[in-house]
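Good morning, colleagues. Please take a moment with the sequence and the structure, which I shall now put on the screen.

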Amino acid sequence: MSEEKRTLNVRMTKETYKALVTEDISAKLKNKKKNNNDTNEEKAMAAFIIAVVVIWTVVLLFSQGGKMSGEPEGRGSLFPDTMKAGDTITFGMYNNEEIEWRVLKLSEDGKEAVLISKNILCMKAYDAADSGKCTYDKEGNRYLRGSEADIDQQLQIQVRGNNDWSLSNIRAWLNSSDEVVKYDGQAPVAAAMAEGHNGYHNEPGFLHGFKEEELEAIREVENITCGNKVSGRETIVTKDKVYLLSLEELKWFEEAGISLLAEPTQAAIANDDTGWYLLDMEMYSEKAYYWWLREPVKEASAKCYIVGNGIGDENLFKKDVSMEGFGIRPVITVYTGK
């Protein structure tokens, strides 16, 4: 039955019910006037009305889908009825454009799906240099390659950024729906990036353009990510609505029959002040581009892994997290409505 017909039927049923109850109450009141001492009949009438209201509430609930406890409302209309790994769907908005997603993985009951953006949506640094000025410490001293910053892990974070996923600027931005994102510590200003470009401290959070029902469909998941030398922990647990993939999770691409390669959107290219993508495409004539994982390089405090553009035998690279010209492919887990 279409939603329009269901709504019409519910409305007609409701009006019929209202008329019947009104007529019944009117008749009972007339009868009450004739016999004021008939209190038993009054109680029976009240019980009848309560019973009908309860039954009507249950009927309405099931006519509108019978939402289970703990499940978001209205999810069925957001996703296809038959969704499988490898499919492409549209969900949410970024840069005033609808986002296309690839289905990476489905839960066994089909009620949850892991989605990754089909394209690179923007070029951003994973994290800003903690000093606020890349390659410089908080006292204004500069540290280039081959300097003490290569060894001193705390200093490395000051001058090149932090690869701890739980503390990263990119995690804060991805998980925010606010117009003004709140960052703990150094915000991702342009000066704190490797080449002074693509600062995003003034950009609304990634989820800002999503509708309320879309936000409700996104599950908060528990992610386990490797720690770095500074954290002193083997793994770090976070709860995220939006995240980047780990090295281990890359296997989902093969299982879903999807290529690791991704091209940036035209908006991503236009908003990238580094020009790295255009130079790379000119050099290799390859439209696919590099994108960040959340996986830190264990032996460093300022490097993470990125997925390459498919050129050459190796397609995983280690890069400083303050490098601002690499792509972001958000990942979400959604309730499908099944």
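I begin with the hairpin of β2 and β3, where five residues lie between the strands and Gly110 adopts a positive phi near 75 degrees. Please bear in mind that this is a predicted model. Strand β3 comprises residues 112–117 and runs antiparallel to β2, the two being joined by five bridges. Within this pairing, Trp101 stands opposite Ser117 in β3.

On to the other partner of β2. Strand β1, residues 88–94, pairs with β2, residues 97–106, in the antiparallel sense, again over five bridges. Here Met93 is found opposite Glu98 in β2. How many residues separate β1 and β2 in their hairpin? There are two, and Asn95 in the turn has a positive phi of about 55 degrees.

I turn now to helix α8, which spans residues 276–284. Which of its residues are buried? They are Trp276, Tyr277 and Asp280. Because these residues cover an arc of only 95 degrees around the axis, they lie on the same side of α8.

What do the buried residues of α8 pack against? Their partners are β4, residues 122–123, and α7, residues 266–270. On the face of α8 turned away from the buried side, one finds the exposed residues Leu279 and Glu282. Finally, just after α8, Ser285 takes a positive phi of about 55 degrees.

Thank you for your attention.

Technical notes
Residues numbered from 1 in each chain as written. Predicted model: local features only at pLDDT ≥ 70, side-chain atom pairs only at ≥ 80, totals over all residues. Heavy atoms only, no water. Buried < 20%, exposed > 50% of the residue type's maximum accessible area, 1.4 Å probe, protein only. Helix = DSSP H or I, 4+ residues; strand = E, 2+ residues; numbered from the N terminus. Arc of directions from axis to C-beta. Contact = heavy atoms within 4.5 Å. Pairing = 2+ DSSP bridges.
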